[in-house]
Amino acid sequence: MAHKYQTFADLLYASYSGLQMLAFAFGKGKYRCDKDCYAFRQSVIRKLKAGEMKIGDLYQNVIRQMTSPHDVCWYCGRSVSVCGSLTADHIFPRMKGGEDISDNLIMVCRSCNSSKGAKDLLAWYHERGEFPPLRVLVHYLKLVNQYAIANDLLNQPLEALDELDLPFDFHFFPRTYPHPEDAQDALPSQVVQLKRLEKIVPEKGEAQK
Ligand SMILES: [Zn+2]
């Protein structure tokens, strides 16, 4: 299969930079991505390739997950009062070699857990016709990066990865991202920033009072 990206790193960085771009857009209080955002995304890709920037480890993500109140499913966002109790899901499915370590575990509702089963997380969202919540996507791509480093995949041509038995499916890495206003969720600090903005920016179509 011919790929647009030469190496696995090219694809991973192209996808991960979209998250950085959204964080940038949230930080600037932008509802839509504009040319500044796309220029920022290009600079992130360049820095990642040059080794001037790295995809971080999962430490902060795991801490955030552990210290969040366990009242919402991380996959579907429904509250426990609606979806029942939460259970630990393996982000990389156990059946595909996903490990029993905190980096690979996430608290989700039973319905999401059984519906996802041994499917790739992004393939599962794709099947549901949904873009994954950003905080889940950050976690997933960091996990992929960790795996790629440990298994020396970053500089491999994508064709070579087609042949491997991997715990993730890179065909579903997002290349295009929703605008900030359409993203299902944001990282906690970014939600606060957007909310603050909502107080001073009138709703679209709403007359100035
Ligand atoms: Zn759920």
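1. A crossing of two helices is called left-handed if the near helix is turned anticlockwise from the far one by less than a right angle. In this predicted model, helices α1 and α7 cross in that left-handed sense.

2. The pair in question comprises α1, residues 8-27, and α7, residues 134-150. Their axes lie 11 Å apart, and the packing angle is about 150 degrees. Angles over 145 degrees count as roughly antiparallel, and α1 is therefore roughly antiparallel to α7.

3. On the α1 side, the contact with α7 is formed by Phe8, Leu12, Ser15, Tyr16, Leu19 and Leu22. The α7 side contributes Leu134, Leu137, Val138, Leu141, Val144, Asn145 and Ala148. By class, eleven of the residues in this contact are nonpolar and two are polar, with no charged residue.

4. Helix α1 also packs against α2, where the two axes come within 8 Å and cross at roughly 135 degrees. That angle makes α1 oblique to α2. The crossing of α1 with α2 is right-handed, whereas that of α1 with α7 is left-handed.

5. Toward α2, helix α1 presents Tyr13, Ala14, Ser17, Gly18, Gln20, Met21, Phe24 and Ala25. These meet Cys37, Phe40, Arg41, Val44, Ile45, Leu48 and Lys49 of α2. The contact of α1 with α2 consists of ten nonpolar, three polar and two charged residues.

6. The largest nonpolar core has 45 residues, of which Leu22, Val108 and Tyr140 touch the most other members. Elements that each supply at least two residues of this core are α1, α2 (35-50), β2 (105-109), α6 (121-128) and α7. The greatest contribution to the core is that of α1, with ten residues. Leu22 also belongs to the α1 side of the contact with α7. In soluble globular proteins, nonpolar side chains tend to be buried together.

7. Which residues are in contact with Val108, leaving aside its neighbours within four places in sequence? They are Cys73, Trp74, Tyr75, Leu86, Thr87, Asp89 and Asn113.

8. As to the overall architecture, the protein chain has nine helices and two strands. From the N terminus, the order of elements is α-α-α-α-β-β-α-α-α-α-α. Of the 209 residues in the chain, 31% count as buried. Among contacts between residues at least 6 apart in sequence, 72% join residues at least 24 apart.

Definitions and conventions:
Residues numbered from 1 in each chain as written. Predicted model: local features only at pLDDT ≥ 70, side-chain atom pairs only at ≥ 80, totals over all residues. Axes fitted to C-alpha atoms, helices over the stretch in contact; angles between N-to-C directions. Helix = DSSP H or I, 4+ residues; strand = E, 2+ residues; numbered from the N terminus. Parallel < 35°, antiparallel > 145°, perpendicular 65-115°, else oblique. Contact = placed C-beta atoms within 7 Å. Nonpolar A, V, L, I, M, F, W, Y, C, P; charged D, E, K, R; others polar. Core = buried A, V, L, I, M, F, W, Y, C linked by C-beta atoms within 7 Å. Buried ≥ 20, exposed ≤ 12 C-beta atoms within 10 Å, placed from the backbone.
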